[in-house]
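This report covers selected features of one protein model.

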Amino acid sequence: MPTSMPKPSSKPSSRAARRKPLIYGAGVVVAAALFGYVSYRATAPDAHGPGSSSSVVSGVTADPDEGVYPELAKLARRDAGDKLALGRADAPVVLIEYADFKCGYCGKFARDTEPALVKKYVDNGTLRIEWRNFPIFGAESEAAARASWAAGQQGRFWEFHRAAYAEGVKEKGFGKDRLKALAAEAGVPDLDRFVREADGPAAAAAVSEDQEQGYGIGATSTPSFLINGRPIAGAQPAQTFIQAIEQAADRAENLGHAGQDSKDPASPKPGSASPEPGSASPGPGSASAQGSAK
């Protein structure tokens, strides 16, 4: 499935002008090139023509080690208090998603693919999903990203995520009144606080950190993903994500969890201890979620 890419501008923004690649290790240079390649392939005219293959577009192959970059695996935060994450902090597989609320393909992934992944892998402790705000479509993208962060501060990020990605919502725009209405729909309890925090410096800083990380690893379109250090670009078919997650889970049994070094016998195994507060917030498609399924 194609990715969404920002339209070229004749006058680069100040943010774009000062953007610099981040340094995570030599492998990131290769990964950045891969992201660029798969983004091109995902949007090429013949991407879905005769002889096309989702494995070519996504970079997922039958070899579980091919296309995996340990430096990128270390970007998994595994913060049990992360309000923009789903699943156990010690899950063997971490999927990091860089996405924009104005991106149609991000919405397609959110509605058509993610709920099934949550039900199949997050609920049983295999997968953790970490969201990164990656606004690339201008001021409304930025505003929606900050609003999502503010909703998360009151424990309603995934409900806001569901509301913002509902069919037809992005076409109505993300002005202040619309964002407040979406927050109300998501059940954010204190809307005055939501408005203050969405416009505040903490939201701006959090979104900027996510955005700069995405650009730093070479992501130029949305949605872009890392699965235990394996880059995938675009709202690929569900089977592409299933294959990557299962390969990563098998690999983690021998090499340790994403963001960790080789297996540490002292490290807790998934499901061996109760999750810490905030480590398994109900999310889209979750059997235990109350009103958060997309």
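## Salt bridges and burial

Arg-156 is partly exposed, at a relative accessible area of 24% (buried means under 20% relative accessible area, exposed over 50%, partly exposed in between, with a 1.4 Å probe and protein chains only). The model is predicted: local features need pLDDT of at least 70, side-chain atom pairs count only at pLDDT 80 or more, and totals for chains, interfaces and linings use all residues. Residues are numbered from 1 along each chain as its sequence is written, and side-chain values use heavy atoms, with hydrogens and water left out.

Arg-156 forms a salt bridge with Glu-159, where a salt bridge is a side-chain nitrogen of Lys or Arg within 4 Å of a carboxyl oxygen of Asp or Glu. Glu-159 is buried, with a relative accessible area of 6%. By this rule the count comes to 13 salt bridges, including those in the table.

| Salt bridge | N to O distance |
|---|---|
| Glu-130 and Arg-128 | 3.0 Å |
| Arg-132 and Glu-130 | 3.0 Å |
| Arg-156 and Glu-159 | 3.6 Å |

Glu-130 takes part in a salt bridge with Arg-128 and in another with Arg-132. Glu-130 counts as buried at 0% relative accessibility. Arg-132 is likewise buried, with a relative accessible area of 0%, and Arg-128 is buried as well. Elsewhere, a network of salt bridges links Arg-77, Glu-209 and Asp-210.

## Helix α8

Helices (H or I, at least four residues) and strands (E, at least two) are DSSP runs, numbered from the N terminus. Helix α8 spans residues 176-185, and its buried residues are Leu-179, Leu-182 and Ala-183. Seen down the axis of α8, these buried residues fall within an arc of 100°, so they line one face of the helix; the arc is that of the directions from the helix axis to the C-beta atoms. An α-helix has 3.6 residues a turn, so residues three or four places apart point the same way.

The buried residues of α8 pack against α6 (139-153), α7 (157-164) and α9 (191-198), contact meaning heavy atoms within 4.5 Å. On the face of α8 turned away from its buried side are the exposed residues Asp-177 and Glu-185.

## Strand β5

Ile-232 lies in strand β5, which covers residues 230-233. Ile-232 counts as buried at 0% relative accessibility. Ile-232 and Gly-67 are 165 residues apart along the chain, and their C-alpha atoms are separated by 9.6 Å.
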